[in-house]
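Welcome, and please have your viewer ready. We will go from stop to stop, with something to select at each one.

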Amino acid sequence: MSFNYKRIVIKIGSNVLTQSNGLPDQQRLSQLVEQISAIKKQGIEVILVSSGAVAAGRSIITVSDKYDAIAARQLLASIGQIKLINNYAQLFEKQDVICSQVLVTTEDFKGRQHYLNMKNCLEILLQHQVIPIVNENDVVSVTELMFTDNDELAGLIASMLNAQALIILTNVDGIYDGDPNDAGSSIITEVAESGINFASFVSTGKSQFGRGGMITKSTMAQKTAKLGIAVHIANGTKDNILIDVLANVAKHTRFIPKRTASEKKVDSTFRECCYRCSTGKFGS
């Protein structure tokens with residue numbers, strides 16, 4: 001049985017868009033754009049949260065070790081974001097699809113006015129058949145203003161726009177019940193409980209080119225599923241993965257949503273706070 005979603009958020013991680021040598025994987029990006037375009041043409045609204053700006057910057061310029069990590073990230077993101085969004089624009093144009101760029105920081109989720117402005121912007125883009133490509137604005141973000149990673153940002157966007165599903169593309173098939181490299185480990189295909197302690201069996205390591213890891217993905221997925229949004233974690237390096245996830249034929253991990261759409265509406269106050277309290281911690 002396929003999933004009949006009407007509005008989805010797709011998050012593409014850095015390890016999906018980047019080759020092992022650190023350079024952008026243009027062929028994979030092209031394949032993903034073709035799939036996203038095909039999904040959109042089926043009548044499904046798509047919001048894309050894409051990593052890859054810093055990795056794209058690394059393919060253009062080398063940063064001296066004398067600069068601190070934040071300054072280096074700002075430099076690489078400022079240069080790489082242009083390359084990344086131009087690649088997307090050119091590839092989507094070949095599919096007769098218009099895309100746009102939306103850069104955000106955590107500050108956009110903390111104030112009601114900023115939050116509503118961003119929500120209205122994304123809604124009008126969708127109404128005009130445009131695919132918004134959302135990314136963290138690493139150029140102006142500093143440590144205290146950074147999202148944990150783009151998985152967190154994707155969860156916030158999915159909640160903001162009442163998406164029915166969030167698809168997170170990474171470089172493994174899903175969440176395993178042990179080390180993915182161990183023959184005895186297997187993929188957890190469905191997660192229905194919110195109290196699972198994934199830290200007891202999931203690696204705490206971060207991805208090679210991104211800031212996040214499977215622990216942050218699983219934590220965010222549980223919180224998002226509580227809001228009635230299905231979360232799928234799948235391998236973005238596999239051919240046709242997005243089409244296969246929606247057709248429910250891909251081997252991956254799915255977090256089953258906890259509430260119906262009508263029940264989500266009563267939680268608007270929480271959603272407008274966007275998971276955040278004064279500490280700025282996701283899910284607080």
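**Stop one: a loop**

Start by selecting Gln42, which sits in the loop between helix 2 and strand 2 (45-50); helices (H or I, at least four residues) and strands (E, at least two) are DSSP runs, numbered from the N terminus. The model is predicted, so local features need pLDDT of at least 70 and side-chain atom pairs pLDDT 80 or more, while totals for chains, interfaces and linings use all residues. Residues are numbered from 1 along each chain as its sequence is written, and side-chain values use heavy atoms, without hydrogens and water.

Gln42 counts as exposed because its relative accessibility is 54% (buried is under 20%, exposed over 50%, partly exposed in between, with a 1.4 Å probe and protein chains only).

**Stop two: another loop**

Move to Ile60, in the loop between helix 3 and helix 4. With 48% relative accessibility, Ile60 counts as partly exposed.

**Stop three: inside**

Which residues line the second largest cavity? Select Leu17, Thr18, Pro24, Asp25, Gln26, Leu29, Gly52, Ala55, Ala56, Leu84 and Asn87. Helix 2 (26-40), helix 3 (53-58) and helix 4 (69-94) each give two or more residues to this lining. A cavity here is a set of points on a 1 Å grid over the protein atoms alone where a 1.4 Å probe fits but cannot get out, and lining residues have an atom within 4 Å of a point.

How values were computed
1 Å grid on protein atoms, 1.4 Å probe; cavity = no way out; pocket = protein on both sides within 12 Å on 5 of 7 lines; lining within 4 Å.
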